[in-house]
There are 2 protein chains.
Amino acid sequence: MKNKIVENLKKIIGSDWVTNEFSQIQNYLTDETEALIRLHPEEDCILVKPSSPEEISSILKYANSILMPVVPRGGGTGVCGGAVPIKSSIILSLERLNKIIELDEKNLMITVEAGATLADLLESLNKQDNLFFPIHPGDEGAQIGGMVMENAGGTKAVKHGIMRNHVKSLEVVLPTGEIVTLGGKLIKNNMGYDLLHMMIGSEGTLGIITKVTLKLYAKSDYTGTLLVSFDNRRDACDSVPKILQEGITPLAVEYMDRPISKKAAEHLGTTWPADKGSVDLMFMLDGKTEDELYSSSEKIVEICEQHNAVDSIIAESSKEQKKLLDIRSNAYTPFKDHVADGLDMAVPPSSVPDFFDDITSLAEKYNTSIPAVGHIADGNIHNFILSVNGKLPSYYEEFKQEMYKIALKYGGTITAEHGTGKTRKKYMPLQFTKREIEIMKGIKKAFDPNGILNPGTIID
Amino acid sequence: MKNKIVENLKKIIGSDWVTNEFSQIQNYLTDETEALIRLHPEEDCILVKPSSPEEISSILKYANSILMPVVPRGGGTGVCGGAVPIKSSIILSLERLNKIIELDEKNLMITVEAGATLADLLESLNKQDNLFFPIHPGDEGAQIGGMVMENAGGTKAVKHGIMRNHVKSLEVVLPTGEIVTLGGKLIKNNMGYDLLHMMIGSEGTLGIITKVTLKLYAKSDYTGTLLVSFDNRRDACDSVPKILQEGITPLAVEYMDRPISKKAAEHLGTTWPADKGSVDLMFMLDGKTEDELYSSSEKIVEICEQHNAVDSIIAESSKEQKKLLDIRSNAYTPFKDHVADGLDMAVPPSSVPDFFDDITSLAEKYNTSIPAVGHIADGNIHNFILSVNGKLPSYYEEFKQEMYKIALKYGGTITAEHGTGKTRKKYMPLQFTKREIEIMKGIKKAFDPNGILNPGTIID
């Protein structure tokens, strides 16, 4: 049976682009979820690498005819198991649809094939030097289609929002094989129900994206990075809303526990520039003039000092800025091997200090610590559950669920930017009512009547 | 039968809040769609004015039990027939849910009941003087719930986007009666399918909104309005993308044909300040400093001059600014009685000049003129089909459809901000494939299995 399927798929897209040899498929079976909780499907899969929406359409029609699951796959950089097949499936890699189609300077938009990586997109923008795309989930190997499907966030959501705010148009192959274009190069569009927004964040369960048009910005002439140190978390947290109320909107506001930043700096063979205090806020700022940048920085420092900041350092040269960002990007690297799970909750920004207090108390109850970094102005904190002797701690499940309940108590969410995928699906009933989940199932059915696309993701 | 229903509804929400007397219902039967194409249901309806989500839930459960349509109604300021009942229905007015619940300065958010008007919201913000909400569909009698349901736009989308970009959380009574909260005071939220975004712009067909949390901004200290005149449309249009590419993002960029602005000024007993040229762009600008405002204005004038601008006038005093805005807001008033239909198409911003040329040629073919005002940086142009001897012209339907096809040819949309409602529903197949419409029907069914909520809107 399986050989027959392989033969039929080869007829559709050519024999070079279909394989069921494990050695070639291996790298397509997992994602970047922490090793201890990563999914490892053992069942046989078939890997296909189509080159066009038409080929994808044919594959989906065929898959419907034999009711075989199809799992679309981008860069595999996700952290929720969204791209990991759970049953014997056709793994559909978008890697051959990797072209930058058009840089449209007039409309400040870029159109790319879904399999183009973030690195490809940024490289194409760098050639122009006047345009800017803010969304960066940390790994530039992420494919743009995957970033849409996971509604990627990252550090710069404070000023520019998330992937959802930048997707103007999608070419999508529907699960039933039709090729459609959702949205357009439009700022406003109110015709019909908004299928474009339904597709964003749907994790490959409602269609396969083949082309993406994204909004860009004119690049700012000046950027700076400001590091402000505090003696305690609450003071750091409380200063952030005051800054936003003043009309200062940094690109990013990052929170870091000092032990984490020191260790990350050491790991990179450098030193963390702050020594007073025990926690830091890192503000990334931009401006049209140097004056604008200075006046924002001064105002931020003034407000932080009113909240008992103990030190501040400004990095202006691109080298100094890069050093700080590299450390922040590597916050996680030194203790990666000791992390059982990296959580991704968000709460209303003003609730972050209370959320932190509750989480700390909870960690004490379990006799562990719970290091944190976070996009603090977004209320999005990444807490790390540590492993015990290289293993998932015995209290892992219970501890994690208690943390989720704390986030939900503050009106928060279990996942802010990493996605539901397969690893968080079972916690859906913590955040949603039965009726909401029923509606989601109805939506899935409307797009994918046979349930062939990425089964086991978000809902069953 | 009808008396029985009235009695049962009175049991649910009290006899003061249910009526089937035509004199009391009359004002709830239409909206602000142009008189010549406005819908006027003749069938009997029952008007209910519940005061809580719980009462709305009971009404919906009852309506499901007798399969009677329910049409939710906000301020009635819509222009697509979205709130107009087409069958003998329960008209459910949100007017008693009109409280401003919380102004949350820490999170820069405001929570209101759905029946609070835009005027109520702005009044509550004015008391604070430091916070700003940008979405303004022209009529402050619009209720906030209605603005969410119609995904309202308006002039200030250039900098701040549309209603969709500001809705953080909704309390919704689902068609089947369950009360749910979608979203939260969150910047990022990736758990499950995004039912919040599905609800925005769904025109009262997927649920009844009872509470809304919206994003606010710190108010800018300085604002200015700049008027730039050109001899022709194309020059005016072409200057706009150049300005945005320079990193200058005005609050609004409005396009006006000179005869329209002159007539609107006369109507208000004043004069339009520009006399050179034949078309004008109006830029609304804000800034944190006076310098920032000046430097943006100078740069805009410089770019416009490179595109053959013939004059520019800056209004700085709030009185001068208000005068210009009043004229723009009344652009439509003097010839309202001669308008058969006000269209609401949008195209990619860079396609506006070609779109204008095509529309002008088309109007010549029909031996008529087609005045226009528009949110030009959004590519959203309001074209007016004029009446002939006070009646709908004989070519109305054909002319309109040809215009729609021009917008769609440029990758545009039939409605940018006014909504599909009941008046544009029949043009859905022009913009969407059969499969897309089927999926929309499936989504409707997932939310509203008995199809009781606002039938005949968007889809059948």
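In which strand of chain A is A:Glu113 found? Is A:Glu113 buried or exposed? And how many residues of chain B are in contact with chain A?

Reply: This is a predicted model. Start with the residue. A:Glu113 is found in strand 6 of chain A, which covers residues 109-113. A:Glu113 has a relative accessible area of 11%. The cut-off for buried is under 20%, so A:Glu113 counts as buried. A polar atom of the A:Glu113 side chain lies 3.0 Å from the backbone nitrogen of A:Asn98. Neighbours within four places in sequence aside, A:Glu113 is in contact with A:Arg96, A:Leu97, A:Asn98, A:Lys99, A:Ile101, A:Thr210 and A:Lys211.

Now the interface. In chain B, 81 residues are in contact with 81 residues of chain A. The area buried between the two chains is about 6,500 Å². Carbon and sulfur atoms give 62% of that area. On the chain B side, B:Lys188, B:Met191 and B:Tyr193 lose the most area to chain A. Together they make up 17% of what that side buries.

A:Arg435 forms a salt bridge with B:Glu178, with their closest N and O atoms 4.0 Å apart. Several elements of chain B give two or more residues to the side that touches chain A, including strand 9 (179-183) and helix 8 (233-245). Helix 15 of chain B gives the largest share, 9 residues. By class, this side of chain B has 34 nonpolar, 30 polar and 17 charged residues.

How values were computed:
Residues numbered from 1 in each chain as written. Chains lettered and ligands numbered in written order. Predicted model: local features only at pLDDT ≥ 70, side-chain atom pairs only at ≥ 80, totals over all residues. Heavy atoms only, no water. Helix = DSSP H or I, 4+ residues; strand = E, 2+ residues; numbered from the N terminus. Buried < 20%, exposed > 50% of the residue type's maximum accessible area, 1.4 Å probe, protein only. Polar contact = N/O pair within 3.5 Å; in protein donor to acceptor, adjacent residues only side chain to side chain. Contact = heavy atoms within 4.5 Å. Buried area = accessible area lost by both parts, 1.4 Å probe. Salt bridge = Lys/Arg side-chain N within 4 Å of Asp/Glu carboxyl O. Nonpolar A, V, L, I, M, F, W, Y, C, P; charged D, E, K, R; others polar.
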